[in-house]
Amino acid sequence: MRKIIYTLSILILCSCSFFKKESSGKVRTNLLGFKSTDVMDPAKLKFAQEYYVIDNVTAKLVEIGAGDGYRNDLAEEVKFSDDKLEIDITLKGAVFSDGTPITASDVAMSFKRAFIKGTPHANIKDLWVGSDKLKSIDQDIEGIKVVSPKKLKLKLTHPTKEILFFMTLVDLAVLHKSQYTKNEIQLSDWEGVTSGAYRVSYTPEGTLKLVANKKTNNYKLSTKNITIIIANTTIIKTKRL
């Protein structure tokens, strides 16, 4: 847990050099604009502003709740075995921004991509049984089994009290097929279908907009479209249903 706290502390410290809060409520950054070919990949995060963007265009199984607790996001139920080695997950009837269902297979493929490509905030890969042998997202491993379109079973190598926290990170965000099949995810890949409350839109001049997804019923948005102009970033807050 100390390693996690240390890693997050470094992220916060690094973000201080990029972000400056203004009276308008916006946060000014030193980032000089966005291009469609910019890498915006959960497996290759470097700066805090990248995390903010990906966090708003993706959904996770759970999220941090009040106090020290957690609450369900895409997961309807998360059930641990007595020995804390197996986790049975039942998904809600959530959809991607194009209205297609988010399935257990999407979760499994997203997780396996993370194991292969990397998780910047913690060595999450070693927690799943068989993940060390994983070469492709199409490969079956004992640690992740799809039981039905809405159910999957996870099997850990050892009890891990931080496992729910890991599931709140963008490292284990649920991606669309158009993203988890990519070798490298670019900014333009978040312009189409996303699992979160927003998708991105941008201009050649460097204006980035987070566009609210109208078709999804996963979120009750507390804000409308957000425009990020060259060096301005606005932190978005959403409310899950």
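A residue is called buried when its relative accessible area is under 20%, exposed when the area is over 50%, and partly exposed in between (1.4 Å probe, protein chains only). The model shown in these views is predicted, so local features need pLDDT of at least 70, side-chain atom pairs count only at pLDDT 80 or more, and totals for chains, interfaces and linings use all residues. Residues are numbered from 1 along each chain as its sequence is written, and side-chain values use heavy atoms, with hydrogens and water left out.

**View 1. Aromatic rings around phenylalanine 111.** Rings of Phe, Tyr and Trp (its six-membered ring) pair if their centres lie within 6.5 Å; planes under 30 degrees apart count as stacked, over 60 as edge-to-face and the rest as tilted. The count under this rule is 3 aromatic pairs. The ring centres of phenylalanine 111 and tryptophan 128 are 5.9 Å apart and the planes stand at 85°, so this pair is edge-to-face. It joins distant parts of the chain, 17 residues apart: phenylalanine 111 belongs to helix α3 (residues 104-117), and tryptophan 128 to the loop between α3 and β7 (144-148). Helices (H or I, at least four residues) and strands (E, at least two) are DSSP runs, numbered from the N terminus. Phenylalanine 111 and tryptophan 128 are both buried. Through ring pairs, Phe111, Phe115 and Trp128 are linked into a cluster.

**View 2. The pair of phenylalanine 165 and phenylalanine 166.** These two rings form a tilted aromatic pair, with 6.2 Å from centre to centre and 55° between the planes. Both phenylalanine 165 and phenylalanine 166 are buried.

**View 3. The largest cavity and its lining.** On a 1 Å grid over the protein atoms alone, a cavity is a set of points where a 1.4 Å probe fits but cannot get out; lining residues have an atom within 4 Å of a point. Grid points are joined across faces, edges and corners, and a volume is the space filled by probe spheres set on the points. The structure has 1 cavity of 30 Å³ or more, and the volume of the largest cavity is about 70 Å³. Among the residues that line the largest cavity are Asp41, Ser110, Arg113, Val170 and Asp171. Its lining consists of 6 nonpolar, 2 polar and 3 charged residues, where Ala, Val, Leu, Ile, Met, Phe, Trp, Tyr, Cys and Pro count as nonpolar, Asp, Glu, Lys and Arg as charged, and the others, Gly among them, as polar.

**View 4. Histidine 121 and aspartate 171.** Histidine 121 is placed in the loop between α3 and β7 and is buried, with a relative accessible area of 8%. Its side chain makes a polar contact of 2.7 Å with the side chain of aspartate 171. A polar contact is a pair of N or O atoms within 3.5 Å; within protein, one must be able to donate a hydrogen and the other to accept it, and residues adjacent in sequence count only if both atoms are side-chain atoms. Aspartate 171 is also one of the residues lining the largest cavity.

**View 5. The hairpin of β5 and β6.** Two strands pair if DSSP finds at least two bridges between them. Strand β5 (residues 75-80) and strand β6 (residues 86-91) are joined by 5 bridges in the antiparallel sense, and glutamate 77 has threonine 90 in β6 as its bridge partner. The hairpin has 5 residues between its strands. In the loop between β5 and β6 lies lysine 84, whose phi is positive, about 65°, although it is not a glycine. Most residues other than glycine have a negative phi. Lysine 84 is partly exposed, with a relative accessible area of 43%.

**View 6. The hairpin of β7 and β8.** β7 and strand β8 (residues 151-155) run antiparallel and are joined by 4 bridges, with 2 residues between them in the hairpin. Serine 148 stands opposite lysine 151 in β8. Lysine 145 lies in β7 and is partly exposed at a relative accessible area of 47%.

**View 7. Strands β9 and β10.** Strand β9 (residues 198-202) has a covered face formed by Tyr198, Val200 and Tyr202, and an uncovered one formed by Arg199 and Ser201. It pairs with strand β10 (residues 207-212) in the antiparallel sense over 5 bridges, and serine 201 has lysine 209 in β10 as its bridge partner. Leucine 210, in strand β10, counts as buried at 1% relative accessibility.

How values were computed
1 Å grid on protein atoms, 1.4 Å probe; cavity = no way out; pocket = protein on both sides within 12 Å on 5 of 7 lines; lining within 4 Å.
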